[in-house]
Amino acid sequence: MRLAEFRELVTSAALVCAGTVVGSRERPHPRWFVGAGKVDEMQEAIAVSEADLVIFNHELTAIQQRNLETRLEKRVMTRTELILHIFADRARTGEGQLQVELAQLTHAQTRLIRGWTHLDRQKGGVNLRGAGETQLEMDQRMLAGRVRYVRDRLERVHRQRAQSRRRRNRARIPTVALAGYTNAGKSTLFNALTADGVHAADQMFATLDPTMRRWQVGPGAEVVLADTVGFIRELPVTLVDAFKATLEEIAEADLILHVIDASSPDAGLAEEVRRVLAEIGAADTPTIEVFNKVDLLEGEAHCLGGLSVSAIEGTGVEELRDTVAGRLGLDAKEVTVHLGPEAGKVRSWLYDHGAVEEETIGDDGTATLHVRLDAAHVGELRQLAPEAMAR
């Protein structure tokens, strides 16, 4: 399964897999990561396939990567660099691009090696006496400066997100976050629930930038639905750190919808998502497991143990909406309200919340409204117009 996932990552990067070399070792070779015989096998595979790039589904030290590039005479890319390449290609918003840049810079700081022998040390001091900075030190200083700049920009984004969450809390609007393994169908489900046009495709990391939309889960009951970046096995630490502001939308949510690909035979994917949720501090957040893509199953879907939906066909969406409303205490109650002609603001408030199902006007101008409201809004209505509630 991991080899299939690796091939899918390569395809998602718009690359063509010319061949695969598989090996196993008890411990990595200090010089090449793989053994000398495996390096020879890779050279033969490159000669036959005429490949231009070698990608390892592992992390390499800077020295191992340089040694392999020298021996193979081809560029060598690690798993983290492959994922960073995909992220850089998919980021569209300013925030997403900053997050990817921070991840790239953080990764680059670990890859600086002595490669500037012709500029070994810049001369400094009066009359050029004494040694100044090495080129490596200059590179490290420039990288560190850029990292600080990008972190400061992202910290502003973090503060803006915190302010938005405080406004939602004051307005008593719950947040529901979609989380799941990449390519589980989160964005397709997001579109099915909100009738939005978020980009969705059958590829890994099709959506990077967080998207938030209001979702009507019942008459007069709204939540904010957040679509976030998908998870993956061995998610690089640099990415978790860079996407902290985005992942906080999951950690701070009132409810998480863990979207699981029901058609995938790999049960370990869901466990990997649970591990990342725990890592970002969301282990104790109420969670509903949503098994998506049940249209691809040949048998019955009821044995999956959670809610079964098909985002692409729309089946199970209504049940999911009702379940979310019930879990958040937003399930609507039928209430009859009597309003006099002077209660125009209350009447407008009911219509603004989409709660009115039927209204009749009496001869004396009194309006009788049949409305559906969740418990929180019923309490708010009692405060606005305590005399209007029917007993």
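Helix H1 (2-12), helix H2 (36-49) and strand E1 (53-55) each contribute at least two residues to the lining of the largest pocket, where helices (H or I, at least four residues) and strands (E, at least two) are DSSP runs numbered from the N terminus. This is a predicted model, in which local features need pLDDT of at least 70 and side-chain atom pairs count only at pLDDT 80 or more, while totals for chains, interfaces and linings use all residues. Residues are numbered from 1 along each chain as its sequence is written, and side-chain values use heavy atoms, with hydrogens and water left out. The protein has 13 helices and 11 strands, and 46% of its 391 residues count as buried, a term that means under 20% relative accessible area, with exposed over 50% and partly exposed in between (1.4 Å probe, protein chains only).

**Largest pocket**

- The largest pocket has a volume of about 1000 Å³, and of the 39 residues that line this pocket, those closest to its centre are Phe6, Val21, Ile55, Phe56 and Asn57.
- A pocket is here an open set of points on a 1 Å grid over the protein atoms alone, where a 1.4 Å probe fits, with protein on both sides within 12 Å along at least five of seven lines, and lining residues have an atom within 4 Å of a point.
- Grid points are joined across faces, edges and corners, and the volume is the space filled by probe spheres set on the points.
- H1 supplies the largest share of the lining, six residues.
- By residue class, the lining divides into 20 nonpolar, eight polar and 11 charged residues, with Ala, Val, Leu, Ile, Met, Phe, Trp, Tyr, Cys and Pro counted as nonpolar, Asp, Glu, Lys and Arg as charged, and the others, Gly among them, as polar.

**Aromatic pair**

- Rings of Phe, Tyr and Trp (its six-membered ring) pair if their centres lie within 6.5 Å, and planes under 30 degrees apart count as stacked, over 60 as edge-to-face and the rest as tilted; by this rule the count comes to one aromatic pair.
- The ring centres of Phe33 and Phe56 are 6.2 Å apart and the planes stand at 85°, so the pair is edge-to-face.
- The pair links distant parts of the chain, 23 residues apart, with Phe33 in the loop between H1 and H2 and Phe56 in the loop between E1 and H3; both Phe33 and Phe56 are buried.

- Gln65, in helix H3 (residues 62-72), is buried, with a relative accessible area of 9%, and its side chain reaches the backbone oxygen of Val76 at 2.8 Å.
- Apart from neighbours within four places in sequence, Gln65 is in contact with Leu60, Val76, Met77, Thr78, Glu81 and Arg111, contact meaning heavy atoms within 4.5 Å.
- Tyr149, in helix H6 (residues 135-170), counts as partly exposed at 38% relative accessibility.
- The side chains of Tyr149 and Arg153 make a polar contact (2.8 Å), that is, a pair of N or O atoms within 3.5 Å of which, within protein, one must be able to donate a hydrogen and the other to accept it, and residues adjacent in sequence count only if both atoms are side-chain atoms.

**Positive phi values**

- Most residues other than glycine have a negative phi.
- Ala14, in the loop between H1 and H2, has a positive phi near 65° and counts as exposed at 71% relative accessibility.
- Lys293, in the loop between strand E7 (287-292) and strand E8 (307-308), has a positive phi of about 65° but is buried, with a relative accessible area of 18%.
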